[in-house]
Amino acid sequence: MSRRVDLLIVGAGPAGMSAAVVAKRHGLDVLVVDEQPSPGGQIWRNIETVAATARADLLGKAYAEGAAVVRQFRASGVDYEPGTQVWHVEAGARAFLRRGGSASSVAADRVMLATGAQERPVPFPGWTLPGVMTVGAAQIVLKSSGQVPDKPVWIAGSGPLPLLYAVQLLQAGGEIAGFLDTTPPGRAVAAMAALPAALFGAPGDLLKGLGWIIRLRRQVPCVRHVAEIEAIGEHGLERIRYVTADGRAATVPADLLLVHEGLVPTIHPTLALGCRHVWNSEQDSFAPELDGWGETSERHVFVAGDGAGIGGARAACLRGELAALGIAASTGRLSEAAAEALAKPIRSRLADALSPRAFLDRYYRPRAAVFVPADRTIACRCEEVRVATIREQVSASRPGPNQVKAFTRVGMGPCQGRQCSYTVAHVLAAAEGRAVPDLGLYRVRPPLKPVTLGELAALDMMDSVP
């Protein structure tokens, strides 16, 4: 089945929902598709169910704020299809979907990608052992079902999310064996120049984070400036070995280790479309090159939310609103002057929402071992390719990520390089004396998500022809 809409939005998180409401208000025929069974995205996952329960209180005010956005989205009248995967997007704004075992396509005058962010891969010796998972994954379990680990957990990492989850876990009755803070020494000095802007634009955010830190240091054993981590065990996690920046080492028993070293934009769809990308040196990641309305270098394709650069839920909502206004203007529903007038206060609020980012990005920039792990570390967990194997390719030539992918199968697994692309690029750059932006990432080909031959065969001819 093939359909046509004015605007297809991929993702029903803060950016996608906010964009849909504004676009619908200005007369666009909007379709929103999302993989999850209900709106909210990762940050407001399961909010409709949780909002009226005690769990909402322990997850915090920022989580509870999502309920109002979801209600507004539901009341807007946009077409919304949950449980839907986008497995290919073509130039000319045609998307291919799968839902309930069947495939279809949507032709759209405009496409907005609001696919958010993913946790930065954190490869270290033993990271593929059962019992090692990310903080984000553990938080999803808490939001979805209210479950907490039945044994004390170790948390290792840097950034606001580990602090937030640790506080949420304590409030939910969980236990923390220890917190391994991997923030390198000297980061406070590096971030100090950005502190005034953060305090002026969003002082509440910084005070909230400071409160988390104070609580954790009072209630949980904390080890600062951890530089190396190793997970040890035969068939699952049994022990953690860590070394601090000043050389102190310890090995501790452990059943569950949660790790996190920041977020990076989800750019697989924009890479597949051939959109131009720029390197964000503050966030050590690529993001699509966008104009002031969120339009990519590929005409009629827009990006909003953390996929445009990590900024948080409030910034994602505002970026979604701006992109929707730009789309309404580009389709003639609004004059350019009217769109600019409506956008002016939104841009001001967006600047305030983003004001802490420079401080946070500099303070919580990951340690060097996250980018270039030890040789024995598995870089590609899908194909079990180690860092040493990647480095060996450099001795014969100066290959890029795509050449190494062909030689070693790194990046050819089910995740399609989402978990190893940056690691490979950093390892090659360090070995070759080059910069990651010069090397780039893997070339991305469809399908973006697995699709069966039966689903492909069931596509109408109208679906398969651009």
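Let's start with a pair of charged side chains, D246 and R248, which meet in a salt bridge, 3.2 Å from N to O. This is a predicted model, by the way, so keep that in mind throughout. D246 is exposed, because its relative accessible area is 56% and the cut-off for exposed is over 50%. R248 comes in at 48%, so that one counts as partly exposed.

There's also a network here: R3, E81 and R99 are joined by salt bridges that share partners. Within it, take E81 and R3, whose closest N and O atoms are 2.6 Å apart. What does that pair link? Distant parts of the chain: E81 sits in strand β3, residues 79-81, while R3 sits in strand β1, and 78 residues separate them. Is E81 buried or exposed? Buried, because its relative accessibility is 15%, and buried means under 20%. R3 has a relative accessible area of 22%, so R3 is partly exposed.

How many salt bridges does a search of the whole structure find? The answer is 19. One more that I'd like to show you is R314 with D205, at 3.0 Å from N to O. This pair also links distant parts of the chain, with R314 in helix α12 and D205 in helix α10, 109 residues apart. Both ends are partly exposed: R314 has a relative accessible area of 45%, and D205 has 28%.

While we're on helix α10, which covers residues 203-219, have a look at I214, which is in that helix.

Okay, let's go inside. In soluble globular proteins, nonpolar side chains tend to be buried together. In this model, the largest nonpolar core has 75 residues, and the ones with the most contacts inside it are V30, V32, M112 and I155. Which helix gives the most to this core? That's helix α12, residues 313-330, with 12 residues. Apart from that core lies another one, of 22 residues, including A425, L428, A429 and L441.

Which residues does V30 contact, if we leave aside its neighbours within four places in sequence? They are L7, I9, A20, A23, K24, V78 and D79.

Two of those, A20 and A23, are also on the list of buried residues of helix α1, so let me talk about that helix. Helix α1 runs over residues 14-25, and its end C-alpha atoms are 17 Å apart. Does that agree or disagree with what its length predicts? It agrees: at 1.5 Å a residue, 12 residues should span 16 Å. The helix is mostly covered, with 10 of its 12 residues buried. Those buried residues pack against β1, β2, α5, β6 and α12. Just after the helix, G27 takes a positive phi of about 90°.

One of the residues in helix α1 is S18. Its relative accessible area is 8%, so S18 is buried. Not counting residues up to four places away in sequence, S18 touches V69, C317 and E321.

Now for some backbone details. D284 has a phi near 50°, a positive value in a residue other than glycine. You'll find D284 in the loop between β17 and β18. D284 is buried, because its relative accessible area is 3%. R409 is another non-glycine residue with a positive phi, near 75°. R409 is in the loop between α17 and α18, and with 42% relative accessibility R409 counts as partly exposed.

Where is the cis peptide bond I want to point out? It runs from P446 to P447, with omega near 0°. P447 is in the loop between α19, residues 436-439, and α20, residues 453-457.

Last stop, helix α17, residues 401-408, where we find A406. Because its relative accessibility is 54%, A406 counts as exposed. And how far is A406 from D205? Their C-alpha atoms are separated by 45 Å, and the two residues are 201 residues apart along the chain.

Key:
Residues are numbered from 1 along each chain as its sequence is written. This is a predicted model: local features need pLDDT of at least 70, side-chain atom pairs count only at pLDDT 80 or more; totals for chains, interfaces and linings use all residues. Side-chain values use heavy atoms; hydrogens and water are left out. A nonpolar core is a set of buried Ala, Val, Leu, Ile, Met, Phe, Trp, Tyr and Cys residues joined through side-chain atoms within 4.5 Å. Buried means under 20% relative accessible area, exposed over 50%, partly exposed in between (1.4 Å probe, protein chains only). Helices (H or I, at least four residues) and strands (E, at least two) are DSSP runs, numbered from the N terminus. Contact means heavy atoms within 4.5 Å. The expected span of a helix is 1.5 Å times one less than its number of residues. A salt bridge is a side-chain nitrogen of Lys or Arg within 4 Å of a carboxyl oxygen of Asp or Glu.
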